[in-house]
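Please open the model in your viewer and keep the selection tool at hand.

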Amino acid sequence: MTGMLHDEGSSPVTSSPLQMFSLMSLSPGIGSPYPLLREVSPEDRGLWLIRYLIGCANHVAAGSVDNANICLEQISHHASPDGDTMQRIAAYFTEALADRILKGWPGLHKALNSTKISPVSEEILVKRWFFELCPFLKLAYVITNQAILEAMDGEKMVHIIDLNSFEPAQWVNLLQSLSGRPEGPPHLRITGIHEQKEVLDQMALRLNEEAEKLDIPFQFNPVVCKLENLDLESLRVKTGEALAISSVLQLHTILAADDEMQRRTSPSASNSSNSSHQQRALHMKQRTLGEWLEKDVVNLYCASPDSALVSSPKMGGFLTSLWGLSPKLMVITEQESNHNGTLMERYVEALYFYGSLFDCLESTVPRASVERQKVEKMLFGEEIKNIIACEGIQRKERHEKLEKWILRLELAGFGKVSLSYNGLLQAGRLLQNYGYDGYTLKEENGCLLLCWHDRPLFSVSAWRFRRCERMLMPDCYVMICFWVGND
């Protein structure tokens, strides 16, 4: 376990030019002698690409299409989807910027994209390749399953709601673990939620086969719908069941529905200037979470256009609905990054985040690997494009950091449950057994951060039902929560 845990005193260095990001000037001049870069080192070329990627994004944000076009042309001479890490990053970020520019001409944009087809089977296959090539999903599943096993110890009827049901490996592993319980396995029911029926059909087939082989009483309940349209009645939660909820890289998508609701109810909101958003964001950053809670407690619960959390009624309502199911445990895995705010804020944060993911693949997978190229293009590339080129309801990839999720979940009535040492131990063993070098685990306030070297990329947190009493007041409410259980 020694090399697997993050050491606060260490700062591993990788070869990525992104690590020199903050030391650089971010406003390159137009007309650099880019052809000469063919003769320089990959590190110098990487630094040049970062400068021009940032400069190009600044031009796009300012609406300077001509200057953006010059930058895109210069970058294109050195960007490559099958080159080194920075060349690949440049290829996908320039594609995203170009897509955003083209959206200024809707007819042209629709014509260029009208024949693109993404079969569901290929999308799922790409996600499974990501599962195989990087350990992040494996780690999330191991940690989630261990938390469920501990919470459901001694329970005879267990119901698990999977909010993003596409990978059977997680639940196959849980079935195998449950079969070894000294008191025998419980009756297990899994409710799987996904937009595509064929994905749930494959899940049902694989899990029923495994349960039959292990002689475990099992039932799979498929729910075909988008998460934001989920009807709680379809979950069929029964009295006497011990309920667990698993959400892997899914909750953030609901924030897009909130953005659309806000635009409809407040037409003027979409016309507000970037400067007002930047001032608000700066104001938030200058205060700690504790100060914000202490000084803005009323705004957190009362309708206010300036409250970051109250501007997410759909998310708040969804989390409150899950709280109403009285789950014994809920485990949430999310990207540890903030891909919200202004275009430039999202762009720079995405460069760091996806740069690290590209580094992960560069360290372990050959550059010519078809699986790697498809993961980068169809998963990372599409997410980058969504973060940079899309706005409103179309921008689904609204990742938020752990501190924000903690605040949201506590406001919804949940109480945080510290992940156990056993979960951390199993995750560390997984990294060792598979020989995953460069990946580390960091514990933070009872949650786990999954890191590439010293950069957190994903967070896993566990939660449970708290009994709450709401004191209603005009246009706002306050929740008083009490622990339920044997803590």
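Helices and strands on this tour are DSSP runs, numbered from the N terminus: a helix has at least four residues and a strand at least two. Please keep in mind that this is a predicted model.

**The whole chain**

Of its 487 residues, 51% are buried. Now consider contacts between residues with a separation of 6 or more: 77% of them join residues 24 or more positions apart.

Select D215, in the loop between α8 (197-214) and β3 (218-224). Is D215 buried or exposed? With a relative accessible area of 65%, D215 is exposed, because the cut-off for that word is over 50%. Its backbone deserves a look too: phi is about 60°, a positive value, although D215 is not a glycine. Most residues other than glycine have a negative phi.

Next, move to the loop between β3 and β4 (242-248), where you will find R236. R236 is another residue other than glycine with a positive phi, here near 55°.

**A hairpin with an enclosed strand**

Select residues 439-444, strand β7, together with β8; the two run antiparallel and are joined by six bridges. Two residues lie between them in this hairpin, and N445 in the turn has a positive phi of about 55°. To see how the strands line up, show K442, which stands opposite L449 in β8.

Now colour β8, residues 447-452, by accessibility. How many of its six residues are buried? Six of the six are, so β8 is largely enclosed by the rest of the structure. In a regular strand the side chains alternate between the two faces of the sheet. Show the side chains of C447, L449 and C451 on one side, then those of L448, L450 and W452 on the other: both sets are buried, and both faces of β8 are covered.

In soluble globular proteins, nonpolar side chains tend to be buried together. The largest nonpolar core here has 99 residues, and F93, F136 and Y354 are those with the most contacts inside it. Helix α14 (residues 343-364) gives the largest share of this core, 11 residues. Another core, of 32 residues, lies apart from it; I193, W323, W405 and W463 are among its members.

Select Y354 and show what surrounds it. Beyond its neighbours within four places in sequence, Y354 is in contact with F93, H339, F380, E383, I384, I387 and H399.

**Two helices side by side**

Two packed helices are described by the angle between their axes and the distance between the axes. Select helix α3 (residues 85-102) along with α14: they pack at an angle of about 145°, with axes 9 Å apart. Their crossing is right-handed. From α3, the contact uses T85, R88, I89, Y92, F93, L97 and R100, and among the residues that α14 brings to it are L343, Y347, L351, Y354 and F358. Colour this contact by class and you will find 10 nonpolar, two polar and five charged residues.

Select V126 in helix α5 (residues 120-133). V126 counts as buried, at 2% relative accessibility. Which residues does V126 touch, not counting those up to four places away in sequence? They are K374, V375, M378 and L379. For a distance to check in the viewer, pick the C-alpha atoms of V126 and Q373: they are 9.9 Å apart in space, while the residues are 247 apart in sequence.

Then go to I148 in helix α6 (residues 136-151). I148 is buried, with a relative accessible area of 3%. Leaving out residues up to four places away in sequence, I148 touches I160, W171, L174, A244 and L329.

Finish at H194 in strand β2 (residues 187-194). Its relative accessible area is 11%, which makes H194 buried. Apart from neighbours within four places in sequence, H194 is in contact with I124, N164, S165, F166, V199, L200, V223, V224 and C225.

Key:
Residues numbered from 1 in each chain as written. Predicted model: local features only at pLDDT ≥ 70, side-chain atom pairs only at ≥ 80, totals over all residues. Heavy atoms only, no water. Buried < 20%, exposed > 50% of the residue type's maximum accessible area, 1.4 Å probe, protein only. Pairing = 2+ DSSP bridges. Core = buried A, V, L, I, M, F, W, Y, C linked by side-chain atoms within 4.5 Å. Contact = heavy atoms within 4.5 Å. Axes fitted to C-alpha atoms, helices over the stretch in contact; angles between N-to-C directions. Left-handed = near helix turned anticlockwise from the far one by under 90°. Nonpolar A, V, L, I, M, F, W, Y, C, P; charged D, E, K, R; others polar.
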